[in-house]
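Subject: Structure handover

Hi,

Here is the structure for you to look over. My notes on it follow below.

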Amino acid sequence: MQGETGDFARSQVLDPALADILPNLNGKTVLDVGCGEGRLCRQLSEQGAITTGIDPTPEFIAHAKQMHPDGTYLEAIAESLPFPDNSFDLVISYLTLIDIPDDRAAANEMVRVLKPGGQIFIVTISNMGSCTPGWVKDENGKHLYRTVDRYMEHFSMELAWGGLEIINYHRPLSHTLNLFLFQGMVLTHFLEPLPPESSEHFQQEFRCPTFQIFAFK
Ligand SMILES: C[S@@+](CC[C@H](N)C(=O)[O-])C[C@H]1O[C@@H](n2cnc3c(N)ncnc32)[C@H](O)[C@@H]1O
């Protein structure tokens, strides 16, 4: 479970970078696809957004509802969103795209429920990073290098996340971008966010970043 501020990556790397490119949220309808326990929805609600979170994991949705009784949280999958066309000003997917088995169906659904002129924000793991389990380290834990292999393939990998067994799906960057570009969306932002330079943690990010943020309009 993520606390209100989130872990280091969320609080120090991803949230500040996303905040830099989000529009004024006051009165905007925002869908969080794969909301987990609803941390982002609560954060955006505080900025005046009218948020809806969906996630297929019942425990996360129950927790989100408990923490934020005024918010709207539904058990659902990204591939079949339970909303009419043109429902939301913004659609956000935060560290969830690589958890979704059918990302094409999910991207089609995100565009379908977006109002004309709306924006989609995808916060995700770098496609370079999702094809291997992580850094190769020496016996002292020093980061030596990252491997990149099978980059152009589509495949799944079993991982442990927050005590849960999960499956992540690797796809190349061209595939991810084209999910939205082929639907007529325009890429407005592409970030490879980094931690603060002074940070003691995550210095390896300056060599090879783990995350990407895309925005489409
Ligand atoms: C790494 S967690 C991120 C959750 C949350 N956005 C956060 O930042 O804490 C990935 C989430 O994707 C959800 N998920 C898995 N398959 C999904 C699907 N088909 N559609 C939508 N969400 C899915 C999981 O239940 C989990 O909550």
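**What I found**

Leu40 is found in helix α2. Helices here are DSSP runs of H or I with at least four residues, strands are DSSP runs of E with at least two, and both are numbered from the N terminus. Leu40 is buried, at a relative accessible area of 5%. Buried means under 20% relative accessible area, exposed means over 50%, and partly exposed is in between, with a 1.4 Å probe and protein chains only. From Leu40 to Ile92 the C-alpha distance is 9.4 Å, while 52 residues separate them in sequence.

Before the rest, the ground rules. This is a predicted model, with local features needing pLDDT of at least 70, side-chain atom pairs counting only at pLDDT 80 or more, and totals for chains, interfaces and linings using all residues. Residues are numbered from 1 along each chain as its sequence is written, and side-chain values use heavy atoms, with hydrogens and water left out.

Thr29, Leu31 and Val33 point one way from β1. Val30 and Asp32 point the other way. In a regular strand, side chains alternate between the two faces of the sheet.

β1 runs parallel to β2 (residues 50–55), joined by 5 bridges. Two strands pair if DSSP finds at least two bridges between them. Leu31 has Thr52 as its bridge partner in β2. Between these strands the chain passes through helix α2 (residues 39–46), and this β-α-β crossover is right-handed. Right-handed means that, with the strands pointing away from the viewer, the path from the first strand over the helix to the second runs clockwise.

β1 also pairs with β4 (residues 88–94), again in the parallel sense, over 3 bridges. Here Asp32 stands opposite Ile92.

**The ligand**

- Asp55: a polar side-chain atom lies 2.6 Å from a ligand oxygen atom.
- Ala78: a polar backbone atom is 2.9 Å from a ligand nitrogen atom.
- Glu79: a polar side-chain atom lies 2.9 Å from a ligand nitrogen atom.

On its own the ligand has 600 Å² of accessible area, and the protein covers 89% of that. Areas come from the Shrake-Rupley method with a 1.4 Å probe; for residues, only the protein chains shown count as cover.

**Other residues to look at**

His175 lies in helix α5 (residues 173–181). His175 is buried, at 13% relative accessible area. Its side chain makes a polar contact with the side chain of Asp103, at 2.9 Å. A polar contact is a pair of N or O atoms within 3.5 Å; within protein, one must be able to donate a hydrogen and the other to accept it, and residues adjacent in sequence count only if both atoms are side-chain atoms.

Most residues other than glycine have a negative phi. Asn86 has a positive phi, near 55°. Asn86 sits in the loop between β3 (72–75) and β4, and is partly exposed at 45%.

Best regards
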